[in-house]
Amino acid sequence: MYRKGKLYFRYGTMGSAKTALLLTTAYNFEERHMDYMCLKPVVDTRENNNVIRSRIGIERECRWIYQHTNLYDLARELYRKDNRIVDWYLIDEAQFLTEQQVDQLSRVVDDFGSNVVCFGLRTAFQSHLFAGSRRLLEIADTIDEIKRTCNGGHKPIVNARIDAAGNIVNEGAQVEIGGDDRYVAVCRKCWRNRRIEQARRSELPLEFDDEILSDTEITEAPGQ
């Protein structure tokens, strides 16, 4: 068997149309009668059914990837039982893959010649890499950034988590599923400036005893 595949990592911030790109790719494969499979880690709990859904309203059925799923075994079973080698695996929310699952995908590419395209975030809300994204950056054959601009006109880098008032959240679990109500993609400068502004707002003015005494002496009339 000689088939030459590739492991792709296409990353972008929240709102960069990663999922829409995956779904339109799947549609194009379907139009051309190409063999493909859509998958998504079950960590993303926004959908009750096994579907990949874009914020623009398009969706497609997918196969769940659980924490214990061995993706190499999945490809091997398809070949053994159905004599099927999937040409293209399209994986949404790839940042939630484990490092082991990324390694399994690389074996699927090398042993079966399948192409694997992983779409996902690069970093979490504190600007640190997800485990799955880190491994993909380490071993993927092709790495592409899906670009967009933030409100300030710069390239967004940070997927900032926000609270109900729109303030940036700096603490919490790495994984918290949410949409525009919980996350905003900002450039590094905007992220830093908004955090500084929030810190300044939280500081209370301090009064010292000598300042209070000085004010009292000024307001008292002479001889009192």
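Predicted model: local features only at pLDDT ≥ 70, side-chain atom pairs only at ≥ 80, totals over all residues.

The protein chain has a mean pLDDT of 82, with 72% of its residues at 70 or more.

**Confidence**

**Aromatic rings**

- The count of aromatic pairs comes to 7.
- One of them is Phe96 with Phe130, an edge-to-face pair with 5.8 Å from centre to centre and 85° between the planes.
- Phe96 sits in the loop between β6 (88-91) and α3 (99-112), while Phe130 sits in the loop between β7 (115-120) and α4 (131-139), so this pair ties together parts that are 34 residues apart in sequence.
- Both Phe96 and Phe130 are buried.
- Elsewhere, Tyr8, Phe29, Tyr36 and Trp88 are linked into a cluster by ring pairs.

**Helix α2 against α3**

- Helix α2 covers residues 71-82, and its axis comes within 7 Å of the axis of α3, crossing at roughly 35°.
- On the α2 side, the residues involved are Leu71, Tyr72, Ala75, Arg76 and Tyr79. They meet Gln101, Gln104, Leu105, Arg107, Val108, Asp111 and Phe112 in α3.
- Sorted by class, this contact has 7 nonpolar, 2 polar and 3 charged residues.
- Two of these residues turn up again in a charge-over-ring arrangement: Arg107 lies over the face of Tyr72, at 3.7 Å from the ring centre.

- As background, most residues other than glycine have a negative phi.
- Which way does phi go at Ala17, positive or negative? Ala17 has a positive phi of about 70°, although it isn't a glycine.
- You'll find Ala17 in the loop between β1 (7-11) and α1 (18-31). Ala17 is partly exposed, with a relative accessible area of 45%.
- His33 is another non-glycine residue with a positive phi, here near 60°.
- His33 is in the loop between α1 and β2 (36-41). With 75% relative accessibility, His33 counts as exposed.

Key
Residues numbered from 1 in each chain as written. Heavy atoms only, no water. Phe/Tyr/Trp six-rings, centres within 6.5 Å; stacked < 30°, edge-to-face > 60°. Helix = DSSP H or I, 4+ residues; strand = E, 2+ residues; numbered from the N terminus. Buried < 20%, exposed > 50% of the residue type's maximum accessible area, 1.4 Å probe, protein only. Lys NZ or Arg CZ within 6 Å of the ring centre and 35° of its normal. pLDDT = per-residue confidence, 0-100. Axes fitted to C-alpha atoms, helices over the stretch in contact; angles between N-to-C directions. Contact = heavy atoms within 4.5 Å. Nonpolar A, V, L, I, M, F, W, Y, C, P; charged D, E, K, R; others polar.
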